[in-house]
Amino acid sequence: MLSQVYRSGFQPFHQRLLPWVQSTALSRSHRVQPSTIRHVRSWSNIPFITVPLSRAHGKSFAHRSELKHAKRIVVKLGSAVVTRGDECGLALGRLASIVEQVSVLQNQGREMMLVTSGAVAFGKQRLRHEILLSQSVRQALHSGQNQLKEMAIPVLEARACAAAGQSGLMALYEAMFTQYSICAAQILVTNLDFHDEQKRRNLNGTLHELLRMNIVPIVNTNDAVVPPAEPNSDLQGVISVKDNDSLAARLAVEMKTDLLIVLSDVEGLFDSPPGSDDAKLIDIFYPGDQQSVTFGTKSRVGMGGMEAKVKAALWALQGGTSVVIANGTHPKVSGHVITDIVEGKKVGTFFSEVKPAGPTVEQQGDMARSGGRMLATLEPEQRAEIIHHLADLLTDQRDEILLANKKDMEEAEGRLAAPLLKRLSLSTSKLNSLAIGLRQIAASSQDSVGRVLRRTRIAKNLELEQVTVPIGVLLVIFESRPDCLPQVAALAIASGNGLLLKGGKEATHSNRILHLLAQEALSIHGVKEAIQLVNTREEVEDLCRLDKMIDLIIPRGSSQLVRDIQKAAKGIPVMGHSEGICHMYVDSEASVDKVTRLVRDSKCEYPAACNALETLLIHRDLLRTPLFDQIIDMLRVEQVKIHAGPKFASYLTFSPSEVKSLRTEYGDLELCIEVVDSVQEAIDHIHKYGSSHTDVIVTENEKTAEFFLQHVDSACVFWNASTRFSDGYRFGLGAEVGISTSRIHARGPVGLEGLLTTKWLLRGQDHVVSDFSEHGSLKYLHENLPVPQRNTN
């Protein structure tokens, strides 16, 4: 056991380990019993829901999304994963996290097996302590001094280290797995165990019996006795066990496992050595792609390198086992890398035998980037011509579009709620409105890209310009709204941006035909690839990680979708709003004739919209007046459920249900009513409970209205107008990609202007900074120059 690792006088290692284990995520107040493994569980804030785990072995999974069905899984831990950076001792934090994830999957009803390195490193640590202790004792006896001289550690033979470290490594795993009420068993193998038929059957039987008893087998090559690997010893399609990569592959095929996860110290397989300038991570690797990869050196520790891992992975894939190679050392992902892989997330390199029919999302991103750059170089008239052509196609191909939309509606019937079905539906009037909006965008795009915003004469013959340019590649994710596709496409064309579109599966047929029409319009000037529709099984969360190819994410959909994307986006800005908690303040000097019309339109015209009214603030003086009664009567007629705010409820003997939260977006025929004493209190309420989307004052007092307009800090602030006017089309922008409550870049309905950024152009004649130094020959002028007038026709 671990207590035997150190000599008497040292605190036993397991005694030092267990308090640490108990203080980490390994310590849990509950234990998972077999009877509860079909329920939802959560460890380390990672929720897991068990899924049916039945699959006939013989063919590997074709897509990552299928990995959640894996029943039997082998996890191979490379030397670089389990050892510390000094290669002497184990990386306890990483090991604890890996054991936690394996335990989570085991308790879901899966059959987990570990192939682990680490015995040599653990043994090296033990033997170093033994040598240091022995040398220190000898030095003390011979010198009689308390001060010890520097002691040289001899080179330790790997087999001896393995022999010394095997028992300690296994004891450590046992201590960790015990925290989850899971039993582990050690199996040491050599190449002969696979070549000798009787030993092979024995090994197979032992492993099956352990799995049957819900025990996690921990397998390792017996490095204390294993002979050196022989080069080119793989014969007749059988992989030799030269290292733990080949061992894991052999074990996975022998045991007919569904998934082999190979954890290393790199993110996955790259097309050239990681760290080189042009190295790109390969998301999916197919048999026969080896010639497109340049392998680098092998791992800093251990026997194999990436070439050995790929060879083992392809051999396992051929045997019917799916394989993922991923990074098990990165501190930001190692805590959930195994569970992420099993959930089908885009982690590492997935080995698949099934090539997709179309381009990968990475290839689509590259095409959108290059196509967008070509689009930006077109003349404004050419971009406008493309948009006009798309508007014409929407009306000319009306019957085909509506037929595709009918298919979507039929498939969604009974599966989608009524508000979502309404969003999904297309009609002749909708298509006509879309065409009108697109023509407005075309008209406003004449001087959008390349417009000069500022000109400055820095010095003689040195002039600076700030001009508008496209942002780059936009990713727009939208739900249940196929009419969003041509709107966003037109805005991207007008602004010269490349575009990736990810629509909801409920609008598959509609999105497909609308995307084809957009590409047909782009083709008239040879920029068809600037707009791409993502049709692969890419999850939204995976798309949000493509920070190398996406410059801005724009979500169009529910507040939950926006929140999920804002949470998932790593290093990519997200333009949008997570909530639309819109307020209307009815002042004491409000017009009786205007109030009911404005409240009805704001709340009832389209309650699911993000610009619908959610909270009605009423001045205290209006309570128990005819105006107040008219508002309540109108809401009853419209079947709006009323929720009373705390202050409003205190004025009533029998009040409606009191609101649970004043910060609620209902998205339905429900409305919160609250009472305030003044316009300042209304503003304070909006700032505390609003979402900075759209807020309105209804009053006939111009001074009060202007005070409200100037002091409410929201993207849109209105006076005597419905909240529903907060819309790009209604603002005359032609269309919008969404409404932003951000305070940086664009705010409110985001149209063409919000999809542009700027760059600086400096034109000089052999100017150098040293000429402007204290003793230089030139002086800064910094003169503002006239800017060309914008074409507003």
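Predicted model: local features only at pLDDT ≥ 70, side-chain atom pairs only at ≥ 80, totals over all residues.
Me: Thanks! Where does Asn-214 sit, and what is its phi near?
Reply: Asn-214 is found in the loop that runs between helix H7 (197-212) and strand E6 (216-221). Most residues other than glycine have a negative phi. Asn-214 is not a glycine, yet its phi is positive, near 65°.

Me: Asp-766 has a positive phi too; is Asp-766 buried or exposed?
Reply: Asp-766 is no glycine, and its phi is about 60°. Its place is the loop between strand E25 (756-763) and strand E26 (783-785). With a relative accessible area of 73%, over the 50% cut-off, Asp-766 is exposed.

Me: Which side chain of opposite charge is nearest to Arg-423?
Reply: Arg-423 belongs to helix H14 (residues 418-424) and is buried. A salt bridge needs the charged atoms within 4 Å, and Arg-423 has none. A polar atom of the Arg-423 side chain does lie 3.0 Å from the backbone oxygen of Ala-608. The nearest side chain of opposite charge, 5.4 Å away, is Glu-479.

Me: How many disulfides does the whole structure have?
Reply: A disulfide needs two cysteine sulfur atoms within 2.5 Å. A search of the whole structure finds none. For Cys-610, the nearest cysteine sulfur is that of Cys-582, 6.9 Å away. The number of disulfides is zero.

Technical notes
Residues numbered from 1 in each chain as written. Heavy atoms only, no water. Helix = DSSP H or I, 4+ residues; strand = E, 2+ residues; numbered from the N terminus. Buried < 20%, exposed > 50% of the residue type's maximum accessible area, 1.4 Å probe, protein only. Lys, Arg positive; Asp, Glu negative; His and termini not counted. Polar contact = N/O pair within 3.5 Å; in protein donor to acceptor, adjacent residues only side chain to side chain.
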